[in-house]
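Biologist: Please show me the model, and then we can go through the contact between its chains.

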Protein chains: 2
Amino acid sequence: MPLMKSWVASANAENHPFPLNNLPYGVFSRGDDEPRCGVAIGDMILDMAAVEEAGLVTLADVPVFDVPFWNEVMELGPRAWGELRATLTELLSEGSAKAAAVQPFLVPMGEAELHMPFLVSEYTDFYAGRQHATNVGTMFRGAENALPPNWLHIPIGYNGRASTVVVSGTPVHRPNGQTKAPDAEMPGFGPCKRLDIELEMGAVVGTSSEMGQPVSVAQAEQMIFGYVLLNDWSARDIQAWEYQPLGPFQAKAFATTISPWIVTTAALEPFRTSTPAREKPLLPYLEEPRPGLFDIKLSAAIQPEGAARATTFSNTNYSEMYYSAAQQLAHHSTSGCAMNAGDLLGSGTISGADKSSYGSLLEVTWGGKEPLTLDTGETRTFIEDGDTLTLEGHAQGDGYRIGFGPCTGKILPAVKWP
Amino acid sequence: MPLMKSWVASANAENHPFPLNNLPYGVFSRGDDEPRCGVAIGDMILDMAAVEEAGLVTLADVPVFDVPFWNEVMELGPRAWGELRATLTELLSEGSAKAAAVQPFLVPMGEAELHMPFLVSEYTDFYAGRQHATNVGTMFRGAENALPPNWLHIPIGYNGRASTVVVSGTPVHRPNGQTKAPDAEMPGFGPCKRLDIELEMGAVVGTSSEMGQPVSVAQAEQMIFGYVLLNDWSARDIQAWEYQPLGPFQAKAFATTISPWIVTTAALEPFRTSTPAREKPLLPYLEEPRPGLFDIKLSAAIQPEGAARATTFSNTNYSEMYYSAAQQLAHHSTSGCAMNAGDLLGSGTISGADKSSYGSLLEVTWGGKEPLTLDTGETRTFIEDGDTLTLEGHAQGDGYRIGFGPCTGKILPAVKWP
């Protein structure tokens, strides 16, 4: 598929993240206006509440865009999602008869503030990158026991904390927590000393399932509304002391940052790619009816306070995952666990085959033993106060891109204990 | 404190669970009426939406009781909670001048259907019973390594699934899942074979905290609106295969049942008791400013399909916990994790010193090796289809009880895979 041309000129610029092929969904405000739904097109945001009020888009009997979240649209289901995309494509295409009617509802992105694009119902994080699991397992348990015995059979996941999922640009305080050095007699309490990122994709569940009713991978695929970039901030020293036997808790609870635009599954269709060959056969309930991953180029960068530019320390790809989001979602429902519109599924850290493609500082610096040298000449093992971490991602089409917009966050000093 | 007498005669009956001293909060409906907030008093429910409409109780500028959840009342904060309790006590006391005005708004409990008393924002389950942790640890890792090294320092918790927290009486399908016998080459998929309960208390968080702002134990105590009984249904075979390295997931995600009435912290005040002596000193952030547990007698019973009565297999007490809900909540916020009104904190399984006080079948039958004989003569290792499991609890005062109402659920056969 080539670039689809829009009458919004900036959307046709070479490798712009938001061409007509993309049409990602976000929530924005301008000045004192209430936040509302918007669609990114080139350097502009289409004010969906205004477009709906003008009668140019009608999805339901009641307004669904004059709210600061896309959950109401999600709950209308895949048929409505398809209608909306078709209508937007028609309205914004080069030569559209309705260009003059739509034009007044475009807001320059530079004048807008972006907010969380949806209400996060619950947040689940997975552990589905094989290289990442191998790297971390090797560091913690030795090369022979790197992959847990269940890893090739189960898309391993754990429930995370929805209350601290924030939109790109939100500053994050370094967490406090309990830690213990291996040779210490007693644990201590204070600011995290090994603060890290995890480069992930987030899948946004768009429709609900009933409690007691598992869904298949094929059904799960239909339930996924779209994807965001996701930084699963991680406090490694807190994690090491707390995580056995029941998994990560406060080490991951302080913040999860997502990119501001939900890129729809529809926009990503041309980039579908299969999960890798299986070392051991999957149980039938996890079999993939069609390719479930997407070829999305991803990067992570760090910029110290005051530095002129960021240093990119990882270039990887979403196609590195061993399990797709649809497989994860189906597994999530096996027990009868009800899934809801607005559930967010973190893919797990996406690491490629070598150090330049590892998705966390823990891996890049091999547990802090091999410091990373930044473009400024400074070095880093883990994140320091004032550092800004940024994930970026896009799918590269034939003459166009499907971009996500940055997923960024600056680390502020730890707060004083109450 | 003695029994406080009410003009609602049934509330004065000996050892009634809902005397005037209690006043627990629930959500009920009658016939085709919309579910709304209600307060249990003796064998009656006070229709709070009607009482509010009649102007007998006014907590805010807008109605807060004509909704099927108590979250709006919670969010008004502890001062409003105190006002409400004082007003209700006045309205329902023996000799109240307003008895005649209130009387029309009492609904016989036998005519009402009970619903979830609040919207669960997020659900966290802890692991704070020492005997339980020791029992399970002994079974899984041997007596020498029973307690994990962090256990005496951290109120260990993990995030659970809010979407499947259901009210007492809701039937639960036996979960399907992936399991692997220790000697099997490959895992299989099918209905859970080792289905269990966990006898717990749930603390209901009533006010919110800000992201990035930890709360102290003293602050946490003020945030807890009340308590419910909680059955953390557990699929032991699924759990054993999935839980390493990131904790329980589908083994716990299919259902969590709570009792229908939120018993307020205020009603439980006379029953405060301290956490036990510390084997190792706690870090200062976890120190208890005053006794944080409550003397609440608890029991668990199982009733096979068609059996005339249930067999009680456990009698224990909430005071067996090593950590209080306030300590758990403070720990939960250490990293800066935002807590919200409606968050539910499971205490962890409450097991006493011996087998007759263990809070799960896993412990009572010691991993299924010592079957339990029921009053009917049947035996059980784990739960069979058609079995009904019931938790009960009350605090025993001087001539009165603070009861919770039963927390019950019947197990239905596993559903067929999609």
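Modeller: The area buried between chain B and chain A, meaning the accessible area (1.4 Å probe) lost by the two parts on being put together and summed over both, is about 5900 Å², with 64% from carbon and sulfur atoms. This is a predicted model: local features need pLDDT of at least 70, side-chain atom pairs count only at pLDDT 80 or more, and totals for chains, interfaces and linings use all residues. Residues are numbered from 1 along each chain as its sequence is written, chains are lettered from A and ligands numbered from 1 in the order written, and side-chain values use heavy atoms, without hydrogens and water.

Biologist: With which residue does Arg161(B) form a salt bridge?

Modeller: A salt bridge needs a side-chain nitrogen of Lys or Arg within 4 Å of a carboxyl oxygen of Asp or Glu. The count between chain B and chain A is 4. For Arg161(B), the closest N and O atoms are 2.5 Å apart, and the partner is Asp343(A).

Biologist: Is His132(A) buried or exposed?

Modeller: UniProt, in an unreviewed entry, lists His132(A) for "active site"; such annotations may be inferred rather than shown by experiment, and positions follow the numbering used here, with feature names shortened. Buried means under 20% relative accessible area, exposed over 50%, and partly exposed in between (1.4 Å probe, protein chains only). His132(A) has 3% relative accessibility, so this residue counts as buried.
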